[in-house]
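Please open the model in your viewer and keep the selection tool at hand. The tour below moves from one selection to the next and says what to look for at each stop.

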Amino acid sequence: MSVEREALPLSELPPIGPAVVTLGVFDGVHLGHRTILAATRTAAAANGVRSVALVFDPPPDELLRPGTLLPRLAPLAVNMSRIEGLGIDSVLPVRFDDHLRQLRAESFLDALAPAISLRGLVMSRRSAFGRNREGTAEQMEQLGARSGFQVVVVEPVEVDGEAVSSTRIRAAIGAGDPALALRLGAAPYVVGTVVSGDRRGRELGFPTANLRFDYAPAMPSQGIYAGRVTPSARGVPDGQPSLISVGTRPTFHPHGDLLVEVHLLDWDGDLYGEPLGVELVARLRDELRFDNVESLVAQMRRDAAMGRAVLGIA
């Protein structure tokens, strides 16, 4: 599993031909994104053309607000794979750079040619693109009427009376509420490379895979979680039940660095150097400091039992 895919300048898009296009960051590919992508697929099928998702990387906010580092619900490659899994014909990573930032909305659409012959554009009622966000849904409807392409405007998806958004999901993850994030369509998820640690977990009977990140993940609040490995790593079944610790290991390191450690239930093996993706399903408890190792191990056994119950395994 590759953590990243290289984003392309707009001028280097591969030839697609006639297409219905949607565009955005699509971080997490949540319920709102899926509604837009489904509308794109439907409009493309109705017009007998290809469906295309243009995925901006890095997120525009990082360029528009220098110094901003936006925590990601998933790396670019994972978001693209999720979009492909929804049946979009072509998922293209587009590099958001200074040139793209300066383009007016109409110029951006013109720049899709000759790679893409625009037959339709799908966007949310609340979204906008182009210089100064001038490319609103209303303006695109007017431009489409003049230029001969269809514009499909999708109303925001709401859960509990509030629009679903990547920002809302990041807030739920940071607050330690994976259940809300999951209801919004993007469970807490991190993917990193397994690196060596101090092997203390193995000594305690709970070996862990320590993750190093090559991107800025939307980090869950500190605590112990139940989750599943997805997609599978080398020799690990897809969906492998796991316990995930997000914390500093205060029993051993009162001022330690924040770590993400994964204990795969009922599985043991060498994963060093392998990419490992983990979806967090439920938060089991806060991170705690124990007075002795025996108390810690007893709690870890209780965590394992609780994790099994939450994940529905014997």
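Predicted model: local features only at pLDDT ≥ 70, side-chain atom pairs only at ≥ 80, totals over all residues.

A residue counts as buried under 20% relative accessible area, as exposed over 50%, and as partly exposed in between.

Select Arg283 and Asp286, whose side chains form a salt bridge with the closest N and O atoms 2.7 Å apart. Arg283 has a relative accessibility of 27%, so it falls in the partly exposed class, and Asp286, at 46%, is likewise counted as partly exposed. Elsewhere, salt bridges with shared partners join Asp57, Glu62 and Arg72 into one network. A search of the whole structure finds 15 salt bridges.

Arg72 sits in the loop between α2 and α3 while Asp57 belongs to strand β2, and the pair links distant parts of the chain, 15 residues apart. Are these two residues buried or exposed? Both Arg72 and Asp57 are buried.

Next, select Glu155 and Arg125, another salt-bridged pair, at 3.3 Å from N to O. Because Glu155 lies in the loop between β7 (150-154) and β8 (158-159) and Arg125 in the loop between β4 and β5, this pair ties together parts that are 30 residues apart in sequence. Glu155 is partly exposed, with a relative accessible area of 48%, and Arg125, at 31%, is also counted as partly exposed.

Two elements, β2 (50-57) and α3 (76-85), each supply at least two residues of its lining, with β2 giving the most, three residues. By residue class, the lining of the largest cavity divides into eight nonpolar, one polar and three charged.

For the largest pocket, turn to a region that holds about 1,300 Å³ of space. It is lined by 43 residues, of which Gly24, Val25, Ser127, Ala128 and Arg133 are the closest to its centre. The elements giving two or more residues to this lining are β1 (17-24), α1 (31-47), α2 (60-64), α4 (98-102), β4 (116-124), β5 (128-129) and α7 (166-174). The lining of the largest pocket comprises 22 nonpolar, 12 polar and nine charged residues.

The last selections concern the nonpolar interior. In soluble globular proteins, nonpolar side chains tend to be buried together. Select Leu13, Leu54, Phe108, Leu109, Ile116, Phe129 and Met140, the residues with the most contacts inside the largest nonpolar core, which has 30 residues. The elements that give two or more residues to this core are β1, β2, β3 (90-95), α5 (105-110), β4, α6 (137-147) and β7, and β4 gives the most, with four residues.

Which residues does Phe108 contact, leaving aside its neighbours within four places in sequence? Phe108 is in contact with Leu10, Leu23, Leu54, Phe56, Leu100, Leu103 and Phe129. To finish, select Ala74, Val194, Leu271 and Leu276, which are included in a second, separate core of 22 residues.

How values were computed. Residues numbered from 1 in each chain as written. Heavy atoms only, no water. 1 Å grid on protein atoms, 1.4 Å probe; cavity = no way out; pocket = protein on both sides within 12 Å on 5 of 7 lines; lining within 4 Å. Points joined across faces, edges and corners; volume = space filled by probe spheres on them. Nonpolar A, V, L, I, M, F, W, Y, C, P; charged D, E, K, R; others polar. Salt bridge = Lys/Arg side-chain N within 4 Å of Asp/Glu carboxyl O. Buried < 20%, exposed > 50% of the residue type's maximum accessible area, 1.4 Å probe, protein only. Core = buried A, V, L, I, M, F, W, Y, C linked by side-chain atoms within 4.5 Å. Contact = heavy atoms within 4.5 Å.
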